[in-house]
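Here's a look at a protein structure, written for someone just starting out. Have the picture open beside you and follow along piece by piece.

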Amino acid sequence: MIVRCTIEGRPVSATVEPGDSLRTMLVGLGHFAVRDSDDAEGFAGSDTVLVDDVPVFANLMLAAQVEGSLVRTSDSLANGGQLSAVQEAMIDAGIVQSAYNAPAAALLLTWLLEHNPNPSREEIKDVLSGIFVRDTGYEHYFLAVQLARERMQKGLYSSRIAPEFREELSYVGKVKPKVDGRQLVAGWKSFVEDRVEPGACALVMLRSPYAHAYITSIDTKEAEASEGVVTIITAENCPDVFYMSAGQGNPEPSPYDRRLFNRKVRHVGDRVAAIVAETEELAKAARAKIKVEYEVLKPIFTVEQAMAPDAPVVQNGAAVYLSGAPANLDEYNKDVDPREGQVVYPFPLHADIRHNVAAAAHGAIGDVERGFAEADMVLERTYQSSQIQCTPLEPHIVFSKIDNDRLVIHASTQVPFHLRRIVAKVCGIEENKIHVIKEKVGGGYGSKQDILVEDVAGYATWLTRRPIVYRNTREEEFIANSTRHPMRVTVKMGASKDGTLSAVYMDVRANTGPYGNHCLTVPMNACSKTLPLLNCPNMKFDVTTYYTNIPPTGAYQGYGAPKGSYALMTCLAEMADALGIDALEMAKKNHVERGFMLEILKSLGEGREGTVVPVGSCGLRKALDEGAAMIGWGTKETSEDADWRIGKGFAMIQQGSGLPGLDHATCDVVLNTDGTFMVHSGGSDLGTGLDTISVKCVSEVMRVAMDKVSILSGDTDNTMFDTGAYASSGTYFSGNATLKAALHLKEKVLAEAALQMGEDVLVLELRSPGEVHSTKSGKTLSYATLSHDALTGVGRGQLVGYGSFVTNNAAIPYGAHFAQVAVNVKTGEVKVQKFYALQDAGTPINPELALCQMYGAAFKSIGHSLYEDMVLDADGVCLASDFTRYGVPMTSELPDDFKAVLIDEDDEYGPYGAKSISEIATNGAAPAIANAIHDAVGVWIRSWPFTPEKILREMGKIS
Amino acid sequence: MITEFIQATSPLEALVAIQKHGEGTVFLAGGTEIHRLGSSVSCSKVVSLKGLALDAITEKNGIVTIGSMVTFQQALDSALVPSYLKESLRYCASRTRRNMATIGGNITLSRDDSYLLPTLIAAKARLILGDISNDGSYAEENIPIREYHSFREHFTGSLILGIVLNKPQRFVASKRFSRTAQSPGAVTVSFGADISSGAAHDVRICAAVKGSGLMRLLQVEEGVSSGQYQSPEDAATQAGTDIAFVDDITGGAAYKRYILGTAVSELYRSCLGAMNKGSAV
């Protein structure tokens, strides 16, 4: 049928199928920035357009419904390269980060201001209620509206965007537009889906309906003979290569316990077969023809079930050790069922797969038993965290093709170099045969640290030589993706009457699900990112991770720290309550300060001995003091409604800045022939502004405007090795590599200038707007002339700075989060009235982006604490496999008063004193809110999410 | 999968199209359910109601009529729509979805977490239905919404043209309990009563309970109307005693049972408060 309508003011006649959505029609007409985050759930809003001047979800509307209508997309906002005031304001406010639905948000805010030039906060919230924002929270959207209004009315901003830092610097610590902001907010081609070439084949996955079963037979004959089918890959024809999808250091501290396809399925949604066909529809049709028979096994879903003496064994294959094999390995492996496959350990992780133990670790300082014996009070409490999903707006997607007889992978990844290594292993080829191009990442949050789609698509392309696109459905994002490991954390704490801790013990039991993705390191982080907050002389931890049949787990922003923080900080508050001491005073009595030697780190390395370092820059006390003042700590608030009780809580938090001793970053900076600069960074910008950090570092060193510096990053052919963006490493490692490269280039420029100018290098300096200046003669030499002359037939060649950064020094960010909640004693409902996130990020290089990341991570963790939960039924089927049922927070759930505060600390080791910013912000909400709930209604909630039902149960209202 | 899009130009044409095309053919109002991931509606043909001019809100002699194609947001923006209904319209917390979802569509779906039906039943709303008579002629009828709800199967071929509300002579209020504002509601309950005489009578209490369905709490209605349940606590005790609550992602059965009772109690208390003030809501 033909639909006639007006799009962006121009008449259009489009041929559509009756069932085509409006989005399908618009994308077909080239409006690809009308994106899809929810498979037509009508939730996330990436597909928002205006129809007859009303915002609608284009995925929920049939194309035929717009017959005769006026349709407007985000493409209407910019005039060529000239962005609108709203788009510019969004960049300047710092909210254009992962930005998958930034164009849709820009359209909505534009519509709002066209209809209401002076909207209230509530009116902005209402309009944004159909836009899911995971990365930056919503707080700076209010600022963006204000900035846009100012720009439209006065042509400039009068509002302050963010605090600025380091007066002596020009770019670092200053509010400057994110280097890829224009591209992202305008909706220009950025993401993997924008790179897919016409004619690409589609890959769809056949997944297991059972949580635990052997595949006894699989018949693909009819499917293979179907129209358009290119290949079908199953356990019968995939490479016999065991690997791990976790993109971690090499060798990974995770077991290689899966092949592309296994003869045993270990969770509902596990891979059974990949079908590659010429179109997605043909692939799905072929998928329906595959016949699979299963021998269903009893599944297990909890740590307790996994620990049971006669528990079914999830990974019962041959244990293989690449080093450090135990002496009894042959005995251990006798009678192994070959259908179980193998579990390959690069090095021992204290596993016992016959008892579902995937990994374990233990460590201690001092003598905890003596510490408990000396304590006036000993408290032991257990805290449970649930399985939660990263929910990036852009689902996992890959486009792979062959070029020059090499495998080219366009990836939405945090770890392009690990991706290359792992895909090379799966394909049985060497790394020089693979080119990984990291595209813009529409949200990662850890889940794109794992190689979840690139392995199978890459192999399929290598096998067939066909271009292939593979994109997870939103349901697959829930059931076959990385999620947060559920954990049961028991904390035993001993303290004297005055609140001084004498001993702390943490027993972490983690649930890794079917595969051992990050199975050691995530649970370790529950301890390594919490215990070092305390100056207690006696501390001990035991970490044990179990295989089960829940959907897969893996990396998630914060790693294990949010769960450890919830347990440790809540127990600390419980101890203060039991002792009758103010919790804040007790915290101050027991936290570390600058110079304190972190002996506990020795036993908290990731698979090897950690490095003991002293506490460096530390804004913890400042965060506690400022936060306490802001929230009125010690003052009891009351509600006019007697049913609502108000309480306050807080938590101390820390994280790391990458993994000293493990991470590595490299970068080069090239002086172009016209005096501008090109940065090649191995780092992976996830939208968080790492590229902007790199550009700022070069601008600062070379004294040139940021628009004189361009950057290419995360491309394995064109940039050098970087371990990737995880563990909060970007700023510290990749940023430091860029800084080193810039400083190296500076040396070379000065040396070259000395030759060209005939001056002593010691009298030369770099100065704005991009020249070498002699303090002795006053002569100047522009970079353009210098570079040109270096590249003439008699020059000495192009000037390139190289930076490689490794370190054993830690740059630990600290902070404190405070919450004020109101709890309804009749209904158990919780409202977060105030949430204050105070963090020491060293020098915030991009302060406006830093604030937004704090809001985003804190709001996300409020969601984890109060709402989100991947509920499984008795058979392991996820009952919450879409946004609505899963329960992510939206504008309605925003705290009434939400503030992010940057505590000024200058770090010794970070680039220009910077430390990490984002992950740490996921650590505070659970304990702060749990403590506030107790302050309000007197009950401790020891499992998240803190639902009204749980609160009512603890209050004795329901059984 | 939708294979045919039919644009009706009149209610009769829409009804004829439904009859003609038979099973698998449905009315298309806002489309938020039909095209939604995991939709409860399975259809191959849709009959669009867009051109039927059913999107007006009018008032005459104290009677408010809301066309079935009025969207949630249009109703919220109207000064004619009573506040108790606006409270329920806001339960759909996504503005963009409110821009698309229609009043008639939500009634037709009769979901167990319905935003509007509990309130419309408590308000004693009436529906204007279009039908094809036995003789093939077009006919309209005006029926109580409780009848539509109780005898749903009798109206599967009918087209909802509008909703009729009396000016607020009744107390009507509602509560909804969900994990987030946009999560499925565990319990949505509305309480309506005529308080013009200084006592609550002609009481309607309707609850949408996830997993259990949409139902009137007849025993509590009777207990309140008759004066048997004089205190909100009495009503709370009885609320849901005859409902088979189930555990699901919105909450456990015990929670739903408790929260329904609590909500009924609170709404009854509000009703008593309104009586004391001598005002309806």
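Let's start with one pair: Gln7(B) sits opposite Ser48(B), which belongs to β3(B). Before going on, bear in mind that this is a predicted model, where local features need pLDDT of at least 70, side-chain atom pairs count only at pLDDT 80 or more, and totals for chains, interfaces and linings use all residues. Residues are numbered from 1 along each chain as its sequence is written, while chains are lettered from A and ligands numbered from 1 in the order in which they are written.

Strands here are DSSP runs of E with at least two residues, helices are runs of H or I with at least four, and both are numbered from the N terminus. Two strands count as paired if DSSP finds at least two bridges between them. In general, strands of a sheet pair through backbone hydrogen bonds, either parallel or antiparallel.

Put together, three strands make an open sheet in the order β1-β3-β2 of chain B, with parallel pairing. The edges are β1 (4-7) and β2 (25-28) of chain B; each has a single partner strand, so one side of each has no neighbour in the sheet. On average, neighbouring strands of this sheet are turned by 25° against each other, direction ignored.

Helix α1 (residues 11-21) of chain B lies across β1, β2 and β3 of chain B, at about 155° to β2(B). For such angles, axes are lines fitted to C-alpha atoms (for helices, over the stretch in contact), and the angle runs from 0 to 180 degrees between N-to-C directions. Contact means that the C-beta atoms of two residues, placed from the backbone, lie within 7 Å.

## Chain B as a whole

Zooming out, chain B holds ten helices and twelve strands. Its radius of gyration is 19 Å, close to the 19 Å that the globule rule gives for 281 residues, so chain B is as compact as a globular protein of that length. (The radius is taken over C-alpha atoms, and the rule is 2.2 Å times the number of residues to the power 0.38.) Buried residues make up 54% of the 281 residues in chain B, where buried means that 20 or more other C-beta atoms, placed from the backbone, lie within 10 Å of a residue's own.

## Two domains

Chain B splits into domain 1 (4-166) and domain 2 (170-277), with bounds from an automatic or database domain assignment. Where they touch, domain 1 of chain B gives 18 residues and domain 2 of chain B gives 26. On the domain 1 side, α3 (83-89) and α6 (117-122) of chain B are the elements giving two or more residues. The largest share of that side, five residues, comes from α6(B).

Technical notes. Buried ≥ 20, exposed ≤ 12 C-beta atoms within 10 Å, placed from the backbone.
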